[in-house]
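We will go from stop to stop, selecting a few residues each time.

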Amino acid sequence: MERTTKDISRRKLILGGLAATAGVSGLGVAARIAQKYGLIPPDHGGIYSLGETLTYASQRLLTRHSLAREFPRSMISKRPLANEIAPPNEAFKSLQAEGFADWRLTVDGLVDRPAAFSLAQLKSHPSRSQITMVQCEEGWSYIAEWIGVPLSQVLDLVGVHPQATHVVYFSIEPDWWESIDMADALHPQTFVTYGMNGDELPVGNGGPLRLRVPRQLGYKSVKFVTHLTVTDDLKKFGKGLGSAEPEGGYAWYAGI
């Protein structure tokens with residue numbers, strides 16, 4: 001969606017207010033401004049609360065429509081790639097044995113038409129590709145071509161309610177889940193990914209289905225995704241921190 005001059009001026013005004021109050025009146029006032037405009041991350045409590053809030057608010061105001069860097073095909077990393085993992089559990093192995101014919105991506109929550117998409121149904125839509133880098137907070141990275149359908153197209157199919165604020169997504173691996181705000185959910189580079197480097201998405205890299213969020217660190221790109229829930233209240237999930245990662249000490253917002 002094209003931004004108007006009015007939108008840009010408003011963002012500059014809010015960001016200027018955040019910066020001014022953080023520098024002059026203290027971080028607490030700046031955080032209250034962020035709250036007024038709905039720019040508070042779900043894990044904002046704790047010792048790093050104000051810093052996380054200002055980081056998230058500033059990123060959203062400045063880079064809401066920015067693109068992750070894309071690379072030429074010549075820079076695709078060679079195997080073995082970092083963080084390849086084995087099939088996670090018996091339920092996964094059973095589906096794998098049948099060629100993932102019964103794998104489903106269920107979409108529910110604040111939608112008009114809850115649905116369960118097979119891999120074949122997802123692949124029937126026009127595919128998109130991107131060559132982007134997976135970056136880990138632990139220091140490793142690699143570049144790959146990711147092939148799939150934009151999450152925004154999947155959300156269009158089910159009809160998202162206007163009050164929705166986040167999409168929560170779950171792996172077939174128990175207790176592995178994440179969430180993103182609607183800015184990232186509707187971003188053109190956020191993919192429901194089923195292919196990699198011109199082939200099927202390998203199991204070790206999250207196949208048959210992985211959410212790819214290239215504007216955030218690698219742990220936001222959950223592997224083996226089976227379920228999406230559209231919501232306006234992240235407090236309903238887990239410990240209310242927006243994902244499983246903050247429960248282990250990582251930040252909910254992992255923008256790069």
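You are looking at a predicted model, in which local features need pLDDT of at least 70 and side-chain atom pairs count only at pLDDT 80 or more, while totals for chains, interfaces and linings use all residues. Residues are numbered from 1 along each chain as its sequence is written, and side-chain values use heavy atoms, with hydrogens and water left out.

Asn83 sits in the loop between α3 and α4. Helices (H or I, at least four residues) and strands (E, at least two) are DSSP runs, numbered from the N terminus. Phi of Asn83 is near 65°, a positive value in a residue other than glycine.

Stay in this loop and select Arg79 and Pro80. The peptide bond from Arg79 to Pro80 is cis, with omega near 5°. Arg79 is partly exposed, at 45% relative accessibility. Which residues does Arg79 contact, leaving aside its neighbours within four places in sequence? Show Glu84, Met196, Pro202 and Asn205; contact means heavy atoms within 4.5 Å.

For another cis bond, go to Gly207 and Pro208, where omega is near 15°. Pro208 belongs to the loop between β8 (199-200) and β9.

## Second stop: the hairpin

From Arg79, move to Tyr142: the two are 63 residues apart in sequence, with 9.6 Å between their C-alpha atoms. Now colour β3 (residues 128-135) and β4 (residues 141-150), which run antiparallel and are joined by eight bridges. Two strands pair if DSSP finds at least two bridges between them. Gln135 stands opposite Ser141 in β4. The hairpin of β3 and β4 has five residues between its strands, and Gly139 in the turn has a positive phi of about 115°.

Show the rings of Phe, Tyr and Trp. The structure holds 14 aromatic pairs; rings (for Trp, the six-membered one) pair if their centres lie within 6.5 Å, and planes under 30 degrees apart count as stacked, over 60 as edge-to-face and the rest as tilted.

Begin with Phe92 and Phe224, an edge-to-face pair at 5.0 Å centre to centre with 65° between the planes. Phe92 is in helix α4 (residues 90-97) and Phe224 in the loop between β9 (210-212) and β10, so this pair ties together parts 132 residues apart in sequence. Phe92 counts as buried, at 0% relative accessibility, and Phe224 is also buried at 0%.

Hide the side chains and look at the open sheet of five strands, in the order β2-β1-β10-β5-β6, with mixed pairing. β2 (115-118) and β6 (177-181) are at the edges, each with a single partner strand, so one side of each has no neighbour in the sheet. From one strand to the next, the twist averages 20°.

Zoom in on β5 (residues 166-171) and β6, which run antiparallel and are joined by five bridges. Tyr169 stands opposite Glu178 in β6. In the loop between β5 and β6, find Asp175. Phi of Asp175 is near 65°, a positive value in a residue other than glycine, and Asp175 is exposed, with a relative accessible area of 71%.

## Last stop: the helix across the sheet

Select α6 (residues 151-158), which lies across β1 (104-109), β2, β5, β6 and β10 (225-231) and runs at about 135° to β2. Angles run from 0 to 180 degrees between N-to-C directions, and axes are lines fitted to C-alpha atoms, for helices over the stretch in contact.

Is the side chain of each residue here buried or exposed? Buried in α6 are Leu151, Ser152, Val154, Leu155 and Val158. Seen down the axis of α6, these buried residues fall within an arc of 160°, so they line one face of the helix; the arc is that of the directions from the helix axis to the C-beta atoms. Just after α6, Gly159 takes a positive phi of about 75°.

Finally, zoom out to the protein chain, with its seven helices and ten strands. Of its 256 residues, 47% count as buried.

How values were computed: Buried means under 20% relative accessible area, exposed over 50%, partly exposed in between (1.4 Å probe, protein chains only).
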